[in-house]
Amino acid sequence: MHTIAVVAFEGISPFHLSVPCVVFGDDLLKLGAPRYRLLICGEQIGPVATMSGFRIDVEHDLTRLAEADTIIVPAWRDPDERPSRALLQALRTAHARGARMVGLCLGTFVLAEAGLLDGRTVSTHWAWADEFERNHPHVALNQNALYIDDGDILTSAGTAAALDCCLHIVRRDHGAEIANRVARRLVVAPHRHGGQAQYIEKPLPTGGDQDQIGTAIGWAIEHLHEPLSLDQLAARAGMSLRSFTRHFRNKTGTTFTQWLLNHRLAAAQRLLETGSCSIDHIAEMAGFGSTVSLRQHFTRAFSISPASYRRQFQKKPALEDA
(Lines give C-alpha, C1' and ligand atoms only; values in the text may rest on other atoms or scores of the structure.)
Protein backbone atom coordinates (compact mmCIF):
# COMPACT_ATOMS: atom_id res chain seq x y z
CA MET A 1 0.00 0.00 0.00
CA HIS A 2 1.37 3.39 -1.04
CA THR A 3 1.65 5.67 2.00
CA ILE A 4 1.01 9.40 1.59
CA ALA A 5 1.90 11.78 4.42
CA VAL A 6 0.31 15.23 4.42
CA VAL A 7 2.03 17.84 6.58
CA ALA A 8 -0.25 19.86 8.86
CA PHE A 9 0.90 22.93 10.78
CA GLU A 10 -0.39 25.77 12.94
CA GLY A 11 -2.42 28.25 10.91
CA ILE A 12 -3.06 25.86 8.02
CA SER A 13 -5.99 26.49 5.70
CA PRO A 14 -8.44 23.62 6.25
CA PHE A 15 -9.53 23.86 2.63
CA HIS A 16 -5.98 23.43 1.33
CA LEU A 17 -5.45 20.54 3.75
CA SER A 18 -8.63 18.90 2.49
CA VAL A 19 -7.51 18.86 -1.17
CA PRO A 20 -5.02 15.96 -0.89
CA CYS A 21 -7.18 14.32 1.77
CA VAL A 22 -10.28 14.16 -0.41
CA VAL A 23 -8.34 12.88 -3.45
CA PHE A 24 -6.10 10.32 -1.77
CA GLY A 25 -8.62 9.35 0.90
CA ASP A 26 -11.01 8.04 -1.77
CA ASP A 27 -11.87 4.35 -1.50
CA LEU A 28 -10.09 3.27 -4.67
CA LEU A 29 -10.86 -0.38 -3.94
CA LYS A 30 -14.36 0.27 -5.28
CA LEU A 31 -12.74 1.46 -8.49
CA GLY A 32 -10.48 -1.57 -8.84
CA ALA A 33 -7.26 0.02 -7.56
CA PRO A 34 -5.40 -0.27 -4.24
CA ARG A 35 -6.19 2.41 -1.68
CA TYR A 36 -3.64 4.91 -0.49
CA ARG A 37 -2.65 4.87 3.17
CA LEU A 38 -3.08 8.47 4.30
CA LEU A 39 -1.25 9.99 7.30
CA ILE A 40 -1.69 13.53 8.61
CA CYS A 41 1.57 14.53 10.29
CA GLY A 42 2.65 17.54 12.31
CA GLU A 43 5.52 18.66 14.48
CA GLN A 44 3.47 17.63 17.49
CA ILE A 45 0.63 15.23 18.04
CA GLY A 46 -2.62 16.83 19.15
CA PRO A 47 -4.83 19.79 18.27
CA VAL A 48 -3.58 22.26 15.65
CA ALA A 49 -5.22 25.64 15.09
CA THR A 50 -6.39 26.41 11.55
CA MET A 51 -6.71 29.83 9.97
CA SER A 52 -10.51 29.38 10.01
CA GLY A 53 -10.84 29.51 13.79
CA PHE A 54 -11.21 25.84 14.64
CA ARG A 55 -8.74 23.09 15.49
CA ILE A 56 -7.95 19.77 13.89
CA ASP A 57 -6.50 16.74 15.62
CA VAL A 58 -3.14 15.59 14.27
CA GLU A 59 -2.49 11.94 15.09
CA HIS A 60 1.11 11.57 13.85
CA ASP A 61 4.34 13.50 14.33
CA LEU A 62 7.10 14.10 11.79
CA THR A 63 8.80 10.78 12.54
CA ARG A 64 6.07 9.10 10.49
CA LEU A 65 7.39 10.82 7.36
CA ALA A 66 10.08 8.12 7.41
CA GLU A 67 7.55 5.54 6.20
CA ALA A 68 5.87 7.69 3.54
CA ASP A 69 6.28 7.03 -0.17
CA THR A 70 4.88 10.46 -0.99
CA ILE A 71 5.00 13.58 1.20
CA ILE A 72 2.69 16.51 0.51
CA VAL A 73 3.11 20.03 1.88
CA PRO A 74 -0.12 22.04 1.43
CA ALA A 75 -0.16 25.83 1.08
CA TRP A 76 2.21 27.31 3.68
CA ARG A 77 0.69 29.90 6.03
CA ASP A 78 3.10 32.74 5.23
CA PRO A 79 5.75 32.89 2.47
CA ASP A 80 7.77 35.31 4.62
CA GLU A 81 7.99 32.84 7.51
CA ARG A 82 10.74 30.26 7.39
CA PRO A 83 9.50 26.76 8.36
CA SER A 84 11.01 25.17 11.45
CA ARG A 85 14.37 23.45 11.32
CA ALA A 86 12.70 20.17 12.34
CA LEU A 87 10.27 20.24 9.40
CA LEU A 88 12.93 21.21 6.86
CA GLN A 89 15.27 18.47 8.06
CA ALA A 90 12.49 15.88 7.97
CA LEU A 91 11.74 16.82 4.37
CA ARG A 92 15.42 16.65 3.37
CA THR A 93 15.80 13.23 4.96
CA ALA A 94 12.69 11.90 3.24
CA HIS A 95 13.80 13.18 -0.14
CA ALA A 96 17.28 11.74 0.31
CA ARG A 97 15.85 8.26 0.86
CA GLY A 98 13.72 8.55 -2.30
CA ALA A 99 10.30 9.79 -1.19
CA ARG A 100 8.22 11.65 -3.78
CA MET A 101 7.81 15.27 -2.66
CA VAL A 102 4.83 17.48 -3.47
CA GLY A 103 4.46 21.20 -2.76
CA LEU A 104 0.92 22.47 -3.32
CA CYS A 105 0.47 26.20 -3.89
CA LEU A 106 2.64 27.98 -1.28
CA GLY A 107 3.91 24.59 -0.15
CA THR A 108 6.45 25.13 -2.94
CA PHE A 109 8.08 27.76 -0.69
CA VAL A 110 8.66 25.10 1.98
CA LEU A 111 10.34 22.68 -0.43
CA ALA A 112 12.50 25.54 -1.69
CA GLU A 113 13.51 26.49 1.87
CA ALA A 114 14.52 22.86 2.40
CA GLY A 115 16.89 23.20 -0.57
CA LEU A 116 15.11 20.55 -2.62
CA LEU A 117 14.26 22.71 -5.63
CA ASP A 118 17.60 24.23 -6.67
CA GLY A 119 18.08 23.75 -10.40
CA ARG A 120 14.46 22.61 -10.82
CA THR A 121 11.53 24.19 -12.65
CA VAL A 122 8.52 24.66 -10.38
CA SER A 123 5.10 26.24 -10.08
CA THR A 124 3.41 28.21 -7.30
CA HIS A 125 0.53 30.65 -6.95
CA TRP A 126 0.94 33.51 -9.45
CA ALA A 127 0.28 36.18 -6.79
CA TRP A 128 3.52 35.25 -4.97
CA ALA A 129 5.63 34.67 -8.07
CA ASP A 130 7.79 37.78 -7.69
CA GLU A 131 8.46 37.01 -4.03
CA PHE A 132 9.39 33.43 -4.84
CA GLU A 133 11.84 34.44 -7.56
CA ARG A 134 13.40 37.03 -5.27
CA ASN A 135 13.86 34.60 -2.37
CA HIS A 136 14.88 31.56 -4.41
CA PRO A 137 17.03 32.70 -7.35
CA HIS A 138 18.42 29.19 -7.95
CA VAL A 139 14.96 27.80 -8.72
CA ALA A 140 13.33 28.30 -12.14
CA LEU A 141 9.70 29.39 -11.65
CA ASN A 142 7.16 28.81 -14.41
CA GLN A 143 4.63 31.50 -13.56
CA ASN A 144 1.93 30.13 -15.86
CA ALA A 145 1.88 26.38 -15.25
CA LEU A 146 -0.92 24.82 -13.23
CA TYR A 147 1.46 22.18 -11.93
CA ILE A 148 4.84 20.73 -12.85
CA ASP A 149 5.81 17.08 -12.62
CA ASP A 150 9.59 16.85 -12.31
CA GLY A 151 9.66 13.16 -11.51
CA ASP A 152 10.36 12.86 -7.80
CA ILE A 153 9.16 16.41 -7.08
CA LEU A 154 5.82 17.94 -8.07
CA THR A 155 4.67 21.51 -7.45
CA SER A 156 1.41 23.30 -8.20
CA ALA A 157 -0.23 26.71 -8.36
CA GLY A 158 -3.32 27.68 -6.33
CA THR A 159 -6.17 25.65 -4.86
CA ALA A 160 -7.82 24.39 -8.05
CA ALA A 161 -4.40 23.61 -9.52
CA ALA A 162 -3.51 21.68 -6.36
CA LEU A 163 -6.54 19.50 -7.06
CA ASP A 164 -5.34 19.04 -10.64
CA CYS A 165 -1.90 18.06 -9.37
CA CYS A 166 -3.30 15.47 -6.96
CA LEU A 167 -5.46 13.95 -9.70
CA HIS A 168 -2.38 13.88 -11.92
CA ILE A 169 -0.60 11.83 -9.25
CA VAL A 170 -3.51 9.37 -9.18
CA ARG A 171 -3.32 9.20 -12.97
CA ARG A 172 0.41 8.56 -12.79
CA ASP A 173 -0.01 5.84 -10.14
CA HIS A 174 -3.16 4.09 -11.37
CA GLY A 175 -3.90 5.27 -14.90
CA ALA A 176 -6.28 7.70 -16.59
CA GLU A 177 -9.49 5.72 -16.06
CA ILE A 178 -9.14 5.58 -12.26
CA ALA A 179 -8.16 9.27 -12.10
CA ASN A 180 -11.12 10.23 -14.28
CA ARG A 181 -13.53 8.31 -12.08
CA VAL A 182 -12.15 10.00 -8.95
CA ALA A 183 -12.58 13.35 -10.73
CA ARG A 184 -16.18 12.52 -11.60
CA ARG A 185 -16.88 11.80 -7.94
CA LEU A 186 -15.50 15.24 -7.11
CA VAL A 187 -17.38 16.80 -10.06
CA VAL A 188 -14.23 18.41 -11.47
CA ALA A 189 -12.49 18.35 -14.83
CA PRO A 190 -10.97 14.90 -15.37
CA HIS A 191 -7.71 16.26 -16.71
CA ARG A 192 -6.09 19.65 -17.00
CA HIS A 193 -2.59 19.46 -18.39
CA GLY A 194 0.08 20.85 -16.07
CA GLY A 195 1.44 23.18 -18.73
CA GLN A 196 -1.94 24.82 -19.11
CA ALA A 197 -1.73 28.43 -18.01
CA GLN A 198 -3.32 29.64 -14.79
CA TYR A 199 -5.63 31.97 -16.78
CA ILE A 200 -5.42 34.70 -14.17
CA GLU A 201 -4.02 38.08 -15.09
CA LYS A 202 -2.01 39.90 -12.52
CA PRO A 203 -3.97 42.79 -10.96
CA LEU A 204 -4.23 45.78 -13.25
CA PRO A 205 -4.13 49.04 -11.27
CA THR A 206 -6.61 51.66 -12.36
CA GLY A 207 -5.49 54.76 -14.15
CA GLY A 208 -3.10 55.49 -17.00
CA ASP A 209 -1.71 52.89 -19.37
CA GLN A 210 -2.50 49.95 -17.09
CA ASP A 211 -6.24 50.73 -17.04
CA GLN A 212 -6.20 51.01 -20.82
CA ILE A 213 -4.61 47.56 -21.04
CA GLY A 214 -7.23 46.14 -18.69
CA THR A 215 -10.00 47.57 -20.84
CA ALA A 216 -8.47 46.10 -24.00
CA ILE A 217 -8.04 42.69 -22.34
CA GLY A 218 -11.65 42.72 -21.14
CA TRP A 219 -12.85 43.54 -24.63
CA ALA A 220 -10.75 40.71 -26.12
CA ILE A 221 -12.23 38.16 -23.69
CA GLU A 222 -15.73 39.18 -24.78
CA HIS A 223 -14.76 38.81 -28.46
CA LEU A 224 -12.81 35.55 -28.48
CA HIS A 225 -15.00 34.31 -31.34
CA GLU A 226 -13.67 37.06 -33.61
CA PRO A 227 -10.25 37.34 -35.29
CA LEU A 228 -8.05 39.23 -32.82
CA SER A 229 -4.63 40.79 -33.22
CA LEU A 230 -2.13 42.74 -31.18
CA ASP A 231 -2.73 45.74 -33.44
CA GLN A 232 -6.43 45.71 -32.53
CA LEU A 233 -5.79 45.61 -28.79
CA ALA A 234 -3.05 48.24 -28.95
CA ALA A 235 -5.43 50.54 -30.86
CA ARG A 236 -8.18 49.96 -28.27
CA ALA A 237 -5.71 50.78 -25.51
CA GLY A 238 -4.58 53.90 -27.39
CA MET A 239 -0.98 52.78 -27.22
CA SER A 240 1.79 52.06 -29.67
CA LEU A 241 2.23 48.41 -30.59
CA ARG A 242 5.64 48.28 -28.95
CA SER A 243 4.45 49.87 -25.70
CA PHE A 244 1.32 47.72 -25.51
CA THR A 245 3.30 44.53 -26.13
CA ARG A 246 5.69 45.34 -23.29
CA HIS A 247 2.95 46.26 -20.80
CA PHE A 248 0.80 43.31 -21.82
CA ARG A 249 3.57 40.82 -21.11
CA ASN A 250 4.42 42.49 -17.80
CA LYS A 251 0.82 42.19 -16.64
CA THR A 252 -0.14 38.76 -17.96
CA GLY A 253 3.20 36.97 -17.72
CA THR A 254 2.97 35.70 -21.27
CA THR A 255 2.78 36.76 -24.91
CA PHE A 256 -0.44 37.89 -26.54
CA THR A 257 -0.44 34.82 -28.80
CA GLN A 258 -0.14 32.39 -25.90
CA TRP A 259 -2.63 34.35 -23.77
CA LEU A 260 -5.19 34.29 -26.54
CA LEU A 261 -4.70 30.57 -27.15
CA ASN A 262 -5.06 29.83 -23.42
CA HIS A 263 -8.37 31.69 -23.21
CA ARG A 264 -9.71 30.10 -26.36
CA LEU A 265 -8.80 26.67 -25.04
CA ALA A 266 -10.54 27.48 -21.75
CA ALA A 267 -13.64 28.60 -23.67
CA ALA A 268 -13.59 25.38 -25.71
CA GLN A 269 -13.31 23.33 -22.51
CA ARG A 270 -16.35 25.04 -20.99
CA LEU A 271 -18.41 24.53 -24.14
CA LEU A 272 -17.41 20.87 -24.39
CA GLU A 273 -18.23 20.27 -20.73
CA THR A 274 -21.57 22.04 -20.58
CA GLY A 275 -22.94 22.43 -24.11
CA SER A 276 -24.49 20.19 -26.69
CA CYS A 277 -23.59 22.05 -29.88
CA SER A 278 -21.35 20.48 -32.49
CA ILE A 279 -17.57 20.60 -32.26
CA ASP A 280 -17.58 22.58 -35.52
CA HIS A 281 -19.71 25.23 -33.80
CA ILE A 282 -17.50 25.18 -30.69
CA ALA A 283 -14.46 25.81 -32.89
CA GLU A 284 -16.20 28.92 -34.26
CA MET A 285 -17.44 30.21 -30.88
CA ALA A 286 -14.01 29.78 -29.27
CA GLY A 287 -12.33 31.60 -32.14
CA PHE A 288 -10.32 28.74 -33.65
CA GLY A 289 -11.90 29.22 -37.06
CA SER A 290 -11.90 25.56 -37.99
CA THR A 291 -12.38 22.18 -36.38
CA VAL A 292 -8.94 21.14 -37.55
CA SER A 293 -7.32 24.08 -35.74
CA LEU A 294 -9.30 23.37 -32.56
CA ARG A 295 -8.37 19.70 -32.63
CA GLN A 296 -4.67 20.39 -33.18
CA HIS A 297 -4.35 22.98 -30.38
CA PHE A 298 -6.61 21.13 -27.95
CA THR A 299 -4.84 17.80 -28.38
CA ARG A 300 -1.42 19.42 -28.04
CA ALA A 301 -2.43 21.20 -24.81
CA PHE A 302 -4.38 18.42 -23.07
CA SER A 303 -3.20 15.19 -24.73
CA ILE A 304 -6.81 14.35 -25.58
CA SER A 305 -9.05 15.20 -28.54
CA PRO A 306 -12.06 17.53 -28.12
CA ALA A 307 -14.44 14.65 -28.87
CA SER A 308 -12.83 12.36 -26.27
CA TYR A 309 -12.78 15.19 -23.73
CA ARG A 310 -16.52 15.70 -24.22
CA ARG A 311 -17.19 11.97 -23.85
CA GLN A 312 -15.39 11.96 -20.48
CA PHE A 313 -17.88 14.50 -19.16
CA GLN A 314 -20.93 12.96 -20.77
CA LYS A 315 -20.12 9.38 -19.80
CA LYS A 316 -22.50 8.23 -17.10
CA PRO A 317 -20.66 7.20 -13.92
CA ALA A 318 -21.02 3.67 -12.65
CA LEU A 319 -23.34 3.04 -9.70
CA GLU A 320 -20.50 3.11 -7.22
CA ASP A 321 -19.40 6.50 -8.55
CA ALA A 322 -22.70 8.14 -7.65
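How are α10 and α12 oriented to each other, roughly parallel or roughly perpendicular? The model is a predicted one, in which local features need pLDDT of at least 70 and side-chain atom pairs count only at pLDDT 80 or more, whereas totals for chains, interfaces and linings use all residues. Residues are numbered from 1 along each chain as its sequence is written, and side-chain values use heavy atoms, with hydrogens and water left out.

The axes of helix α10 (residues 256-274) and helix α12 (residues 291-302) come within 11 Å and cross at roughly 95°, and α10 and α12 are therefore roughly perpendicular to each other. Here the axes are lines fitted to C-alpha atoms, for helices over the stretch in contact, with angles running from 0 to 180 degrees between N-to-C directions; angles of 65 to 115 degrees count as roughly perpendicular, under 35 as roughly parallel, over 145 as roughly antiparallel and the rest as oblique. Helices (H or I, at least four residues) and strands (E, at least two) are DSSP runs numbered from the N terminus. On the α10 side the contact (heavy atoms within 4.5 Å) is made by L261, L265, A268, Q269 and L272, and on the α12 side by L294, H297, F298, A301 and F302.

A286 is buried, with a relative accessible area of 0%, where buried means under 20%, exposed over 50% and partly exposed in between, for a 1.4 Å probe and protein chains only.

Helix α1 (residues 14-24) has H16, L17, V19, P20, V23 and F24 as its buried residues. They cover an arc of only 145° around the axis, which puts them on the same side of α1; the arc is that of the directions from the helix axis to the C-beta atoms. Among the elements covering these buried residues are β1 (3-7), β2 (37-42), α5 (159-174) and α6 (176-186).
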